[in-house]
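Please keep the sequence and the structure in view while reading.

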Amino acid sequence: MPLGPWRKKNKSTKEQLVENEEVGSGHAGAGSLANKSSVNGAGLPPPPANLRPKLVFHTQLAHGSPTGRIEGFSNVKELYGKIAEAFNISPPEIMFCTLNTHKIDMDKLLGGQIGLEDFIFAHIRGIKKEVEVHKSEDALGLTITDNGAGYAFIKRIKDGSVVDGVKVINVGDHVQCINGHNIVGTRHYEVARMLKELPKDKMFTLKLVEPMKAFEMLEPRSKGAKPASENKIGTGRGTLRLRSKGPATVEEPTEFEEKAVKKVDDLLESYMGIRDTELAATMVEVGRDKKNPDEFAMALDETLGDFAFPDEFVFDVWGAIGDAKQERF
């Protein structure tokens with residue numbers, strides 16, 4: 001459904017559309033920590049940044065380590081840098097982080113938000129492996145996400161899919177190369193497209209890196225995050241939102257935001273094979289004050305034009321935001 005003559009496409013819809021397969025979350029940006037509110041309870045402006053209380057988080061390496069304390073970050077790359085500094089490792093060693101569990105639990109994956117009392121577990125690079133896969137179906141059954149710092153990894157494996165039959169491939173594995181082509185630094189939706197475009201009935205090769213595991217973490221393979229899970233993060237006492245552009249902010253997510261972000265994230269997986277809570281939150285933020293789908297489509301093009309979302313997807317996202325406003329979920 002065309003949404004107006006001003007709709008632009010940086011890349012063709014066909015190239016970007018990846019149905020029920022391959023991708024989820026990227027978070028890079030810059031800026032200092034800032035509170036969402038511009039005034040405090042007394043109606044006075046907030047104190048200067050150097051006088052505000054610092055947010056301090058506790059962290060461990062997921063396979064086992066002493067507890068470290070980190071502060072002073074405003075995006076995921078800076079967060080990884082602080083964790084690396086705390087444990088004297090290189091930032092590229094960090095694959096992804098989970099909140100409040102050392103397990104590879106994709107429902108607890110650190111995305112664009114951290115509860116102010118959340119404990120951060122960093123999963124670092126472990127065993128490298130190379131596997132050949134026969135693409136017997138159009139869809140491989142993968143959902144891919146990224147860590148916001150250049151690593152795409154597997155977030156979910158669909159039951160009965162092509163990849164489900166390849167037991168050496170696991171949730172949490174970083175996809176390093178496809179057919180010898182290094183994809184480090186490639187965003188999740190591009191990795192999804194590459195996997196989607198691999199020819200059917202042909203063999204292809206993946207080079208993977210799995211997260212380092214402690215002995216007690218060696219257990220049967222997980223299928224990863226469940227699309228229907230609530231996937232709530234935080235303790236209800238405030239959340240630090242890491243933004244792709246601009247400063248991080250301390251917010252109290254509303255019921256509308258939680259429901260709308262969950263639904264938009266589901267739509268991202270359905271249309272593009274990606275799960276990305278920060279991207280979903282950005283889309284909800286763009287659409288919450290728009291009056292019609294055309295206005296929403298124009299705002300998305302200005303904010304997220306590189307994704308070149310299909311018109312039908314934009315219309316469904318607009319509907320999801322409207323349903324959340326009307327409490328229809």
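The model discussed here is a predicted one. Its chain has 329 residues, of which 49% count as buried. The secondary structure consists of seven helices and 13 strands.

**The chain as a whole**

- The chain exposes about 15400 Å², and carbon and sulfur atoms supply 52% of that area.
- Contacts may be sorted by the separation of their residues in sequence. Among contacts between residues at least 6 apart, 70% join residues at least 24 apart.

**Helix α4**

- Helix α4 covers residues 255–272, which makes 18 residues.
- From its first C-alpha to its last, α4 reaches 26 Å, close to the 26 Å expected at 1.5 Å a residue.
- The buried residues of α4 include Phe256, Ala260, Val261, Val264, Leu267 and Leu268.
- An α-helix has 3.6 residues a turn, so residues three or four places apart point the same way.
- Glu257 is found in helix α4. Its relative accessible area is 16%, and because the cut-off for a buried residue is under 20%, Glu257 is classed as buried.
- Glu257 and Arg288 are 31 residues apart in sequence, while their C-alpha atoms are 9.2 Å apart in space.

**Strand β11 and its partners**

- Strand β11 comprises residues 203–211. Seven of its nine residues are buried, so the strand is largely enclosed by the rest of the structure.
- Strand β6, residues 120–134, runs antiparallel to β11 and is joined to it by eight bridges. Within this pairing, Glu132 has Thr205 of β11 as its bridge partner.
- Strand β9, residues 174–178, also pairs with β11 in the antiparallel sense, over four bridges. Here His174 stands opposite Val209 in β11.
- In a regular strand the side chains alternate between the two faces of the sheet.

**Aromatic pairs**

- A pair of aromatic rings is described by the distance of the centres and the angle of the planes.
- The count of aromatic pairs comes to six.
- One of them joins Phe296 and Trp318: the distance is 5.8 Å centre to centre, the angle between the planes is 35°, and the pair is tilted.
- Phe296 lies in helix α6 (residues 293–304) and Trp318 in helix α7 (residues 311–325), so this pair ties together parts that are 22 residues apart in sequence.
- Both members of the pair are buried: Phe296 has a relative accessible area of 0%, and Trp318 has a relative accessibility of 17%.
- Phe309 and Phe313 form another pair, with ring centres 5.1 Å apart and planes at 40°, so this pair is tilted.
- Phe309 counts as buried at 4% relative accessibility, and Phe313 counts as buried at 0%.
- Ring pairs also link Tyr271, Phe309 and Phe313 into a cluster.

**Asparagines in loops**

- Is Asn147 buried or exposed? Asn147 is buried, with a relative accessible area of 3%.
- Asn147 is placed in the loop between β7 (142–146) and β8 (152–157). Its side chain reaches the backbone nitrogen of Ala149 at 2.7 Å.
- Most residues other than glycine have a negative phi.
- Asn100 has a positive phi, near 70°, and is a residue other than glycine. Asn100 is found in the loop between β4 (94–99) and β5 (113–115), and at 47% relative accessibility it counts as partly exposed.
- Asn179 is not a glycine either, yet its phi is positive, about 50°. Asn179 has its place in the loop between β9 and β10 (181–182), and it is partly exposed, with a relative accessible area of 44%.

Definitions and conventions:
Residues are numbered from 1 along each chain as its sequence is written. This is a predicted model: local features need pLDDT of at least 70, side-chain atom pairs count only at pLDDT 80 or more; totals for chains, interfaces and linings use all residues. Side-chain values use heavy atoms; hydrogens and water are left out. Helices (H or I, at least four residues) and strands (E, at least two) are DSSP runs, numbered from the N terminus. The expected span of a helix is 1.5 Å times one less than its number of residues. Buried means under 20% relative accessible area, exposed over 50%, partly exposed in between (1.4 Å probe, protein chains only). Two strands pair if DSSP finds at least two bridges between them. A polar contact is a pair of N or O atoms within 3.5 Å; within protein, one must be able to donate a hydrogen and the other to accept it, and residues adjacent in sequence count only if both atoms are side-chain atoms. Rings of Phe, Tyr and Trp (its six-membered ring) pair if their centres lie within 6.5 Å; planes under 30 degrees apart count as stacked, over 60 as edge-to-face and the rest as tilted. Contact means heavy atoms within 4.5 Å. Accessible areas come from the Shrake-Rupley method with a 1.4 Å probe; for residues, only the protein chains shown count as cover.
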